[in-house]
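Student: I would like to go through the terms used for this model one at a time. Please set each value against its definition.

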Amino acid sequence: MAPKSASQFEEIRKESREKILQAALKLFAEESYHATSISKIAKSAGVSKGLMYNYFHSKEDLLNAILAEAFKHGEEITELIMKAETPQDQIRTVIEISFKWAKEQAAYSKMMMSLSLQVGKFPMVQKMVEGKVEGMRGFYTHLFEQLGFDNPELEAYTFGATMDGIGLQNASVGDKIGFERVKAFLIDKYCNNTKPKSK
């Protein structure tokens with residue numbers, strides 16, 4: 001058998017790291033961060049505990065890596081949103097991506113819900129989430145101003161809470177309300193009715 005090349009070793013490293021991250025994410029979501037041990041993560045990922053420490057120094061390091069990956073993905077999503085040409089298209093992109101994320105990343109949403117409820121124990125997580133929420137709220141407010149809503153700030157609060165709630169509901173009880181129907185309703189409200197009349 002021919003020896004593996006540097007690129008093959010790098011690919012193996014990437015695959016092992018990803019397996020560990022996915023195993024940790026699933027366990028953090030299902031059993032909580034504190035109830036999950038490094039040994040349990042290694043067993044779930046199908047690697048030795050010693051090999052795990054070649055990739056991550058601690059359980060906290062693993063959590064940081066999971067969050068970093070998610071926020072990197074968030075930045076890529078933001079770029080997609082900003083490429084949309086009109087405010088209506090930007091809102092539509094936010095809605096479609098949020099529902100897609102809810103379906104595909106239920107474990108991440110469940111983990112974040114668990115961590116968020118443990119106020120004070122994860123100050124870094126709390127700070128990251130607060131920063132994200134504030135940044136998106138400002139962005140949404142600007143969009144709703146452009147779309148002609150009477151109270152763009154309040155609309156931004158409501159819209160942001162709705163997008164977050166979709167992910168949390170799917171993570172906790174699944175699609176009990178018909179997400180496609182709700183998505184269509186939101187797209188109609190925010191993308192088709194762009195100049196709501198004052199009451």
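Tutor: Read along the sequence, the protein chain follows the pattern α-α-α-α-α-α-α-α-α. This is a predicted model, where local features need pLDDT of at least 70, side-chain atom pairs count only at pLDDT 80 or more, and totals for chains, interfaces and linings use all residues. Residues are numbered from 1 along each chain as its sequence is written, and side-chain values use heavy atoms, leaving out hydrogens and water.

Student: How many helices and strands does the protein chain have?

Tutor: The protein chain has 9 helices and 0 strands, taken as DSSP runs (helices H or I, at least four residues; strands E, at least two) numbered from the N terminus.

Student: What makes H4 and H7 roughly parallel?

Tutor: The axes of H4 and helix H7 (residues 123–146), lines fitted to C-alpha atoms over the stretch in contact, come within 12 Å and cross at roughly 5 degrees. Angles run from 0 to 180 degrees between N-to-C directions, and those under 35 degrees count as roughly parallel. H4 and H7 are therefore roughly parallel to each other. Contact (heavy atoms within 4.5 Å) involves residues including Phe 71 of H4 and Phe 139 of H7.

Student: Which residues have the most contacts inside the largest nonpolar core?

Tutor: They are Ile 20, Ile 41, Leu 62 and Met 111, in a core of 29 residues. Such a core is a set of buried (under 20% relative accessible area, 1.4 Å probe, protein chains only) Ala, Val, Leu, Ile, Met, Phe, Trp, Tyr and Cys residues joined through side-chain atoms within 4.5 Å. H1 gives the largest share, 8 residues.

Definitions and conventions: Buried means under 20% relative accessible area, exposed over 50%, partly exposed in between (1.4 Å probe, protein chains only). Angles under 35 degrees count as roughly parallel, over 145 as roughly antiparallel, 65 to 115 as roughly perpendicular and the rest as oblique.
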